[in-house]
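Me: I'm new to this one and would like a close look at a single part of it, with the rest as background. Could you walk me through it in plain words?

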Amino acid sequence: MGSPVGAPSVTSSTRTTPRFGWPGGGRVSVTLEPRGVWRAALVISAVVLLFLFVQFLLEDGGSVLFTLIMAWLASIAMEPAVSRLARRMPRGIATGLVMLGLLIFVVLFLALFGRLLADQLVQLVQSAPDLVDQVVAWVNRTFDMNISPATVLDQVGLGSAQIASLATNLAGGLLGIIASVLGAFFSMFTFGLFTFYFSADAPRLRRWIARLVPPRSQEVFITVWDLAVAKTGGYVSARIILAALNGGTTAIFLMIIGMPYWLPLGIWTGVVAQFVPTIGTYIAIALPVLIGLLSPDPIDGVLALIWALIYQQIENLTLEPRISARAVDVHPAMSFAAVMLGAALFGVAGALVAVPIAALILALFEIYSHKYDLIPSLAAREQAEAAREDTYEQAVRDRELAAGYGDRETS
């Protein structure tokens, strides 16, 4: 007997599983192929194994992964010098000379300032509880609060128990010192070996990886590789140079005014100001200013603050535009988010490499993302905002000329 008019047809099969109701009153069968079931099971198993492997890399193999990333960043930071020397000699020798020059610089720095730096660091750590006590006392007195200095010290890891544990570890005897030295030597050797390999064999490594990519995707791979070397390497090199200039000049100024702990404070200022985005400049100068204000001569803190403001203006107007001309500009909000994510995954070291990696991702997005024209209303608003900014900048320049700054700049 035929099916009623308007009812869907029913497919019969020996592999038919449950029948489901149909809105029109009919029923439809679902056929499950064994091949499809096994394929879905294999896909799910592969996803689970991939997740477990990534989890292993981040947890158990995180230190090795981080060493590889740092070595890669160091190799591309050396790339400008290595490339120039490689025009006149083999690339391996050029890489060795650059690394030897860096090693000689580090050895000379430690020979000249190593003992002074260690002594000042020890004194700074030992004086930290007193500094915290003075700051907490000022806060309690000024804002009528009741904060315990011991609680603050425990929160920042400088309590009596932590300092005693640190002292015990540092004075762990000859065996502990030998173990620490051997561990540090092995870590540095591993880092140097990977850095040398990434730099000396960069062209060969590039070709080897390109052979693993299908021909239609090799152009994209080459673009990504070159962009990583140019932009990320430029960013890292620029940050290192600016950190050296900032830290060196700040240390010299603090030494001239007689600031205690001038060498570690100078290094702290240079590194934090350049590698911590957005708020790094304020965090970097806050510590020298605080120590100067709490020293026997509080005018040192005021002088340190004045120096930081003057140097920041000089760096923003002259040094950074020239040194960072080829680096990727990363929005402050994006930089801060990248640092927070890197710190959450790999701690302080992850925060240092987060911004270069974010710069690479943004550069790739800038190349391969498709952009559309703005609708007329948004385009008109953008033009109005740009005109308003140009008017403001012109007004600033007119005020500077009226005050005589322009004449001094011209002369």
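Is Glu389 buried or exposed, and what is its relative accessible area?

Reply: Glu389 is exposed, with a relative accessible area of 51%. (Exposed means over 50%, buried under 20%, and partly exposed in between, with a 1.4 Å probe and protein chains only; the areas come from the Shrake-Rupley method.) Before going on, keep in mind that this is a predicted model, where local features need pLDDT of at least 70 and side-chain atom pairs pLDDT 80 or more, while totals for chains, interfaces and linings use all residues. Residues are numbered from 1 along each chain as its sequence is written, and side-chain values use heavy atoms, leaving out hydrogens and water.

You'll find Glu389 in helix 14, which covers residues 376-403 (helices are DSSP runs of H or I, at least four residues, numbered from the N terminus). Together with Glu382, Glu385 and Asp390, Glu389 forms a negative surface patch. (Patch residues have over 30% relative accessible area and no salt bridge, with like charges joined within 9 Å and nonpolar side chains within 5 Å; Asp and Glu count as negative, placed at CG of Asp or CD of Glu.)

Now for the background. There's also a nonpolar surface patch of about 640 Å², made by Ile93, Leu97, Leu100, Leu103, Ile104, Val107 and Leu108. Take Val107 as an example: this residue sits in helix 4, residues 91-143, and counts as partly exposed at 47% relative accessibility.

Next, the salt bridges: the structure holds three (each is a side-chain nitrogen of Lys or Arg within 4 Å of a carboxyl oxygen of Asp or Glu). Glu79 pairs with Arg91, their closest N and O atoms 2.6 Å apart. That pair links distant parts of the chain, since Glu79 is in helix 3 (residues 79-86) and Arg91 in helix 4, 12 residues apart. Glu79 is buried, at 18% relative accessible area, and Arg91 counts as buried at 18% too.

Another bridge joins Asp119 and Arg115, with the closest N and O atoms 3.4 Å apart. These two are four residues apart in helix 4, so about one helical turn separates them. In general, an α-helix has 3.6 residues a turn, so residues three or four places apart point the same way. Asp119 is partly exposed at 34%, while Arg115 is exposed at 66%.

In the bridge between Arg206 and Asp226, the closest N and O atoms are 3.3 Å apart. Arg206 lies in helix 8 and Asp226 in helix 9, so this pair ties together parts 20 residues apart in sequence. Arg206 is partly exposed with a relative accessible area of 26%, and Asp226 is partly exposed with 35%.

Staying with helix 8 (residues 202-211), Ala202, Leu205 and Ala210 are buried there. They cover an arc of only 135° around the axis, so they sit on the same side of helix 8 (the arc is that of the directions from the helix axis to the C-beta atoms). On the face turned away from that buried side, you'll see the exposed residues Arg204, Trp208 and Arg211.

One last stop is Tyr261, in the loop between helix 9 (215-256) and helix 10 (262-275). Tyr261 isn't a glycine, yet has a positive phi of about 60°. Tyr261 is buried, with a relative accessible area of 16%, whereas Glu389, where we started, is exposed.

Terms used. Accessible areas come from the Shrake-Rupley method with a 1.4 Å probe; for residues, only the protein chains shown count as cover.
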